[in-house]
Amino acid sequence: MEAHKAADVSYATYLGYEKGTSFPNAEVLARLFTVGFDVTYIITGKRDDSKLSPEAHTLLNQFQQLDPRGQRLALGVMQQIHQNLSE
């Protein structure tokens, strides 16, 4: 599901959240939490690693060590894998 739909806000509103020009209220955060978003990270910028599997923790740590270009490439690969598995 697309994040703006999960939050039940317009795409433009969600982009404002991503850009930091506006901020979600408690109701929006609750909806995002319900579908699996890490609301602690959204609010504080710190991940709640206690909910991650060891594999997910390793993947996240490796991703964070990449430069922005590497992160974009990694995300593209993951999206392609997800799309192929969803077909």
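This passage describes the fold, the surface and the side-chain pairs of a predicted single-chain model. Because the model is predicted, local features are reported at pLDDT of at least 70 and side-chain atom pairs at pLDDT 80 or more, while totals for chains, interfaces and linings use all residues. Residues are numbered from 1 along each chain as its sequence is written, and side-chain values use heavy atoms, with hydrogens and water left out.

The secondary structure of the chain consists of six helices and zero strands, where helices (H or I, at least four residues) and strands (E, at least two) are DSSP runs numbered from the N terminus. Read from that end, the order of the elements is α-α-α-α-α-α. The C-alpha trace spans about 30 × 30 × 25 Å along its principal axes. Of the contacts in the chain with a separation of 6 or more, 16% join residues 24 or more positions apart, a contact being heavy atoms within 4.5 Å.

Of the 87 residues, 17% are buried; buried denotes under 20% relative accessible area, exposed over 50%, and partly exposed the range in between (1.4 Å probe, protein chains only). The chain exposes about 7000 Å², of which carbon and sulfur atoms supply 57%, with areas taken from the Shrake-Rupley method with a 1.4 Å probe and, for residues, only the protein chains shown counted as cover.

The structure holds one aromatic pair. This is formed by Tyr14 and Tyr17, whose rings are edge-to-face, at 6.2 Å centre to centre and with 75° between the planes; rings of Phe, Tyr and Trp (its six-membered ring) are paired if their centres lie within 6.5 Å, and planes under 30 degrees apart count as stacked, over 60 as edge-to-face and the rest as tilted. Because Tyr14 and Tyr17 are three residues apart in helix α2 (residues 11-19), they are separated by about one helical turn. Tyr14 is buried at 14% relative accessibility, and Tyr17 is buried at 17%.

The chain carries 8 positive and 10 negative side chains, and the centres of the two sets lie 6 Å apart; Lys and Arg count as positive and Asp and Glu as negative, without His and the chain ends, and each charge is placed at NZ of Lys, CZ of Arg, CG of Asp or CD of Glu. Two salt bridges are found, each defined as a side-chain nitrogen of Lys or Arg within 4 Å of a carboxyl oxygen of Asp or Glu. One joins Lys5 to Glu2 at 3.7 Å, N to O, and Glu2 is partly exposed at 44% relative accessible area. Arg31 and Glu27 form a salt bridge at 3.1 Å, N to O; being four residues apart in helix α3 (residues 26-34), they are separated by about one helical turn. Arg31 is partly exposed at 24% relative accessibility, whereas Glu27 is exposed at 53%.
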